[in-house]
Amino acid sequence: MPNREISLQRTVTVQDTADVIVVGGGPAGTAAAISAARCGRKTILLEHSGQLGGMGTLGNVSVFMGVGNVTGIYREIIAEFLPAALPSSHHESIWPQYSPFELRHYLNQKLEKEGINVYYHTSFVSALMSGNRVTGVVANTREGLRAFEGSVVIDCTGDARVASEAGVPTHSGRDEDGLTQPMTLMFMMQDTGKPVRQYLPDDCYKYESVSDLPQGRHLYWGGMGNGTLLVNMTRVKGNGATIEDINYAEKEALRQVFSVANYLQRNNHGNYILSHVPGQVGVRETNQIEGRYTLTEDDLTSGRRFEDVVAQTNYEIDIHNPTGGANTDERKLDGYDIPYRCMLPANVEGLIVAGRSISATHVAMSSMRVQATCFALGQAAGTAAALAIEEKVSVASISIPRLHEQLAAQGVLIVQ
Ligand SMILES: Cc1cc2nc3c(=O)[nH]c(=O)nc-3n(C[C@H](O)[C@H](O)[C@H](O)COP(=O)(O)OP(=O)(O)OC[C@H]3O[C@@H](n4cnc5c(N)ncnc54)[C@H](O)[C@@H]3O)c2cc1C
């Protein structure tokens, strides 16, 4: 536990200056960068890892959940990357499985074509502030600490890292106890066509029945048609944005991977080897900002509409048991709006927060967190950032009709 503080004062070289700085290259960050660049703004993206795609690639979460629409940059990605899955209308749900390796390559190429300078292996460290306005960031690069200056910063870290450092209040998990959804290390198995060697390390678990499994259920996809099985069956309690919980989760989740793989091999998958384990555990829920509006369970269940809507989804309430227990709370929804204000910190200027860490309650975030919705939020954030620069106003003061016009011009269909 931390027991004292030290003060750090450093002079840092300014590596780059841009109109828009996007921090984090997951679904929200890639879409934010693409849309800001397409609005004619010099845009850079800082990504902690060596790949784009966020949980979709880094965490091997390689299925896009259905959200009731396929529109904007998400639609474009489907059209280019998974054309067989493209629905004819913007109003359909699709649930395509994809190769995380191919998405990683596709996104590298896509951002390069858009003229976005992606800084890989660059981790946000600290926000540069002028009063209550964010004016840039300091990040740890392969060459040490560097500063990046910009007119608008978009926090797409999933953990609201930039927002927290800039002084934006955040909250985590359930109201009653702060518990977040558990973490899961997704993995792949491959059909080899013949019986495989089974491997269960000594400190792993020998699951005998479905009720012994961490999620108390089988959850896997074989939709690639090439003998690949994508498995989502591990579950580790904890908040992946805390040092202690992530340290525990990385070891426990891998133990569960070997245990579940061994269980599957003993149960109808005797020809499947463990073929891919991603480099990090998947983190569903960490920090939500306190924004100008907080999305609630009631907004979801009542299908609330907002004038400043920027994304729409009917993805269900989907809460993996935060205690680490076996059940999952799944409740169907008819569809609802996510307002722009959920991405705006209440007390800090020059900053938009897109993706899973927007201002939302624990229940509301369980639905809005999926990849397609994060692409939509990122696209709106990038467009809003560019509009604020063009209109020479704060990100909170942009014209919402103009934001809607520009999103429509980019192929985003919002049902009013
Ligand atoms: C186990 C699991 C299963 C899921 N299943 C599905 C599913 O089947 N379908 C679906 O659509 N969604 C699913 N989701 C949800 C979905 O994957 C995420 O909610 C979504 O990827 C969030 O997008 P994001 O852009 O907000 O953040 P993330 O995808 O978390 O991306 C954040 C990015 O920011 C980077 N970053 C973090 N900190 C820093 C820093 N300090 N400096 C620089 N970069 C940083 C990270 O490296 C990462 O690339 C699942 C999630 C998990 C964990």
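Q: In what order do the 4 strands of the open sheet stand, and what is their pairing?
A: Welcome to this predicted model! The order is β9-β10-β8-β11, and the pairing is antiparallel.

Q: What makes β9 and β11 edge strands?
A: Each of the two, β9 (220–221) and β11 (272–276), pairs on one side only.

Q: How do you know that strand β8 and β11 count as a pair?
A: Two strands pair if at least two bridges are found between them. For an example to look up, find Met188, which stands opposite His276 in β11.

Q: How do you know that β4 and strand β5 pair?
A: Use the cut-off of at least two bridges once more. There are 7 bridges between β4 and β5 (residues 133–141), so they pair, and they run antiparallel. Phe124 stands opposite Ala139 in β5.

Q: Which residue in the hairpin of β4 and β5 takes a positive phi?
A: That is Gly131, with a phi near 65 degrees, in a hairpin that has 2 residues between the strands.

Q: Why is Ala32 called buried?
A: A residue is buried if 20 or more other C-beta atoms lie within 10 Å of its own. Ala32 has 37 C-beta neighbours inside 10 Å, so it counts as buried. You will find Ala32 in helix α1.

Q: Which residues does Ala32 touch, not counting those up to four places away in sequence?
A: Ala32 touches Val22, Ile154, Cys156, Ala354, Gly378, Ala381 and Gly382.

Q: How many Å separate the C-alpha atoms of Ala32 and Ser89?
A: Those C-alpha atoms are 24 Å apart, and the two residues are 57 residues apart along the chain.

Q: What makes Ile352 a buried residue?
A: The cut-off is again 20 or more other C-beta atoms within 10 Å. Ile352 has 31 of them, so it is buried. Its place is in strand β17 (residues 351–353). Leaving out residues up to four places away in sequence, Ile352 touches several others, among them Val152, Ile154, Ala381 and Val395.

Q: Which residues of helix α3 are buried, and what covers them?
A: The buried residues of α3 (residues 72–81) are Gly72, Ile73, Tyr74, Arg75, Ile77 and Ile78. Their cover includes α1 (27–38) and α9 (371–391).

Q: What makes the phi of Asn268 worth a look?
A: Most residues other than glycine have a negative phi. Asn268 is not a glycine, yet its phi is positive, at about 75 degrees.

Q: Is Lys392 buried or exposed, and what is its phi?
A: Lys392 has 8 other C-beta atoms within 10 Å, so with a cut-off of 12 or fewer it is exposed. Its phi is positive too, at about 55 degrees, although Lys392 is not a glycine. Look for Lys392 in the loop between α9 and α10 (400–409).

Q: How do you know that domain 1 and domain 2 are in contact?
A: Two residues are in contact if their C-beta atoms lie within 7 Å. By that test, 14 residues of domain 1 are in contact with 15 residues of domain 2, so the two domains do touch. By class, the domain 1 side that touches domain 2 has 2 nonpolar, 11 polar and 1 charged residues.

Q: Which of the 39 residues around the ligand come nearest?
A: They are Gly24, Gly26, Gly54, Gly282 and Gly355. The elements that give two or more residues to this shell are α1, α2 (55–58), β4 (123–130) and α9. Sorted by class, the shell has 16 nonpolar, 17 polar and 6 charged residues.

Q: Where in the protein is confidence lowest, and where is it highest?
A: Confidence is lowest in strand β15 (residues 328–331), at a mean of 94, and highest in β17, at 99. The protein averages a pLDDT of 97, and 100% of the residues score at least 70.

Note on methods. Residues are numbered from 1 along each chain as its sequence is written. This is a predicted model: local features need pLDDT of at least 70, side-chain atom pairs count only at pLDDT 80 or more; totals for chains, interfaces and linings use all residues. Ala, Val, Leu, Ile, Met, Phe, Trp, Tyr, Cys and Pro count as nonpolar, Asp, Glu, Lys and Arg as charged, and the others, Gly among them, as polar. A residue is near a molecule or strand if its C-beta atom, placed from the backbone, lies within 6 Å of it. pLDDT is the predictor's confidence in each residue, from 0 to 100.
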